[in-house]
Amino acid sequence: GTGKSRTAQAYLTALAVQAVTEGRPLRVAITGFTWVAIDNVARRLPELLDSEGVADRVHMSRLCSSEPARGVDPLLADRLTPMDDDSDPRRQELDRRLAEVDGVTIIASTVDQLFKLADPTRCAPLFDVALIDEASQLDVAHAVVALSKLAEDARVVVVGDDKQMSPIHPLEAPEGLEHLLGSVY
């Protein structure tokens, strides 16, 4: 209730508006541990981009495994890109935009779905900005997947509350390696 999501939305909107105004490509990933956190940031972006007059020049995708996707915020339902079918035209267009660095592209996704972009077994320079929401819940190991998709000179924005619940693991980290299994926050 402190306004973290609204601040994140304003930041992302300003980045998109600036990129469109300058005619500069921009690739943004909104990610986190849960779809609730991700959708909470992404859901208002179409409206905000529209109010700034740039919605028609920003491609926004909300990744999902397959369709129909359950639990998707209704404001994002028309922006779904299923990741389980490489031949889906939405997936092909998204892959093209990321590879060719074409225009402004915003993707809302868990790190598990981001992993499927480009060659999943390799690092790929797909994003200029990664915004990690509810970062206290995302462990370092999962965050590395998102970070492996960053372009050179990319920016990472970490949003969260250090007093919220940290990642839950079924066993304790080996002594001296706690920093690798704890929160990315």
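**Exercise 1. Place Val157 in the fold: which residues is Val157 in contact with, leaving aside its neighbours within four places in sequence?**

Solution. Contact means heavy atoms within 4.5 Å. With neighbours within four places in sequence set aside, Val157 is in contact with Tyr11, Ala130, Leu131 and Ile132. Next, locate the residue: Val157 belongs to strand S6, residues 150–158. Strands (E, at least two residues) and helices (H or I, at least four) are DSSP runs, numbered from the N terminus.

The model is predicted, so local features need pLDDT of at least 70 and side-chain atom pairs count only at pLDDT 80 or more, while totals for chains, interfaces and linings use all residues. Residues are numbered from 1 along each chain as its sequence is written, and side-chain values use heavy atoms, with hydrogens and water left out.

**Exercise 2. Describe the protein chain as a whole: how many helices and strands does its secondary structure come to?**

Solution. Begin with the elements: there are seven helices and six strands. Along the sequence they follow the pattern α-β-α-α-β-β-α-β-α-β-α-β-α. The radius of gyration is 16 Å, close to the 16 Å that the globule rule gives for 185 residues, so the chain is as compact as a globular protein of that length. The radius is taken over C-alpha atoms, and the rule is 2.2 Å times the number of residues to the power 0.38. Along the principal axes, the C-alpha atoms fill a box of roughly 50 × 40 × 35 Å. Then consider burial: 44% of the 185 residues count as buried, where buried means under 20% relative accessible area, exposed over 50%, and partly exposed in between (1.4 Å probe, protein chains only). Of the contacts with a separation of 6 or more, 71% are between residues 24 or more positions apart.

**Exercise 3. Characterise the largest pocket: which residues line the largest pocket?**

Solution. On a 1 Å grid over the protein atoms alone, a pocket is an open set of points where a 1.4 Å probe fits, with protein on both sides within 12 Å along at least five of seven lines; lining residues have an atom within 4 Å of a point. The lining consists of Trp35, Asp39, Arg62, Cys64, Ser65, Ser66, Pro68, Ala69, Arg70, Gly71, Val72 and Gln113. Helix H2 (35–42) and strand S2 (58–64) each supply at least two of the lining residues. The volume is about 160 Å³, meaning the space filled by probe spheres set on grid points joined across faces, edges and corners.

Now follow H2 inward. Its buried residues are Ala37, Ile38, Asp39, Val41 and Ala42. These pack against helix H1 (4–22), strand S1 (26–32), helix H3 (45–51), S2, strand S4 (104–108) and strand S5 (127–133).
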